[in-house]
Amino acid sequence: ELWPYAGIPHLLKPVATSPEEAADVAAFLVNEVDRREALFKAVGAKKLTAYNTRVDDPLPLLLAVFDEVTDLVLTWGGRKSPPFNDLIRVSSKGRAFGVVLLLATQNPKADILDTSLRENSGTRVAFKVDQAAQSKSIIGQPGAEALPAGRPGRCVVDLGEGLQVLQGFTVSEAEVADLVNSLKLVKSSPLKPEEVALIEYS
């Protein structure tokens, strides 16, 4: 689902199209969180915004999107696999250091989306599901199974202050292609040339 975004200048890593590549991204994120934690400690900062006000070279916010995370975890070998544990580590402390995870699945399973992963998610969104158990796997309680079937885009959102029913919207493939093509025309990168060189070297 994410390959159409390949080539935009905002990507720190290439789009992963295999479970092995996704596992490498998860390992990279753990190392990046650890690296940032050391940088934050050096200047006495607890959050990205505070760190960036105290240094000459601010760090960008990193967003890592894992699509079909349930299938990925099962392919990796389940909840005891190293890549899944990497996701747990990043979800538990990455946000403070400017590393944010977006996990998506069409197959919510309680044994994969367990409390160790779900409770570290600041925002949880569930679209229409078939069973209350699937809703519990995503948002920790029933609700998504009661969404009307004839209202595409309706979703239940847990923002930490109770459930809210919201209306999402559809973005067509043509609109995604237009966005990606316009982003590819942007020559500036959020990374400094030496940062790009270090990433390519590593």
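This is a selection-by-selection tour of a predicted model.

**Stop 1: the nonpolar core**

Begin with Leu29, Phe40, Phe66 and Trp76. These four touch the most other members of the largest nonpolar core, which has 36 residues. At least two residues of this core come from each of α1, α2 (48-54), β1, α3, α4 and α6 (132-139). Helix α1 gives the largest share, nine residues. As background, nonpolar side chains in soluble globular proteins tend to be buried together.

Keep Phe40 selected and show its surroundings. Apart from neighbours within four places in sequence, Phe40 is in contact with Ala45, Lys46, Lys47, Leu48, Tyr51, Leu59, Ala96 and Phe97.

**Stop 2: helix α4**

Select residues 82-93, which make up helix α4. Its 12 residues should span 16 Å at 1.5 Å a residue, and the C-alpha atoms at its ends are 17 Å apart, so the two values agree.

Now colour the helix by accessibility. The buried residues in α4 are Pro83, Phe84, Asp86, Leu87, Ile88, Val90 and Ser91. What do the buried residues of α4 pack against? Their partners are α1 (19-43), β1 (62-66), α3 (69-76), β2 and α5 (115-118).

**Stop 3**

The structure holds six salt bridges. Start with Lys93 and Asp34, whose side chains meet in one of them at 3.8 Å, N to O. Lys93 belongs to helix α4 and Asp34 to helix α1, so this pair ties together parts that are 59 residues apart in sequence. Both are partly exposed: Lys93 has a relative accessible area of 28%, and Asp34 has 29%.

The side chain of Glu37 meets that of Lys93 in a salt bridge at 2.8 Å, N to O. Here too distant parts of the chain are linked, with Glu37 in helix α1 and Lys93 in helix α4, 56 residues apart.

**Stop 4**

Move to Arg35 and Glu32. They form a salt bridge in which the closest N and O atoms are 2.9 Å apart. Both residues lie in helix α1, three residues apart, which is about one turn of the helix. An α-helix has 3.6 residues a turn, so residues three or four places apart point the same way.

Glu32 is buried, because its relative accessible area of 8% falls under the 20% limit.

**Stop 3: the segment before α1**

Select Ser18, which sits in the segment before α1. With 22% relative accessibility, Ser18 counts as partly exposed. Ser18 and Leu72 are 8.9 Å apart in space, while 54 residues separate them in sequence.

**Stop 4**

Leu102 is found in strand β2, residues 99-103. The relative accessible area of Leu102 is 39%, so this residue is partly exposed.

Terms used. Residues are numbered from 1 along each chain as its sequence is written. This is a predicted model: local features need pLDDT of at least 70, side-chain atom pairs count only at pLDDT 80 or more; totals for chains, interfaces and linings use all residues. Side-chain values use heavy atoms; hydrogens and water are left out. Helices (H or I, at least four residues) and strands (E, at least two) are DSSP runs, numbered from the N terminus. Buried means under 20% relative accessible area, exposed over 50%, partly exposed in between (1.4 Å probe, protein chains only). The expected span of a helix is 1.5 Å times one less than its number of residues. Contact means heavy atoms within 4.5 Å. A nonpolar core is a set of buried Ala, Val, Leu, Ile, Met, Phe, Trp, Tyr and Cys residues joined through side-chain atoms within 4.5 Å. A salt bridge is a side-chain nitrogen of Lys or Arg within 4 Å of a carboxyl oxygen of Asp or Glu.
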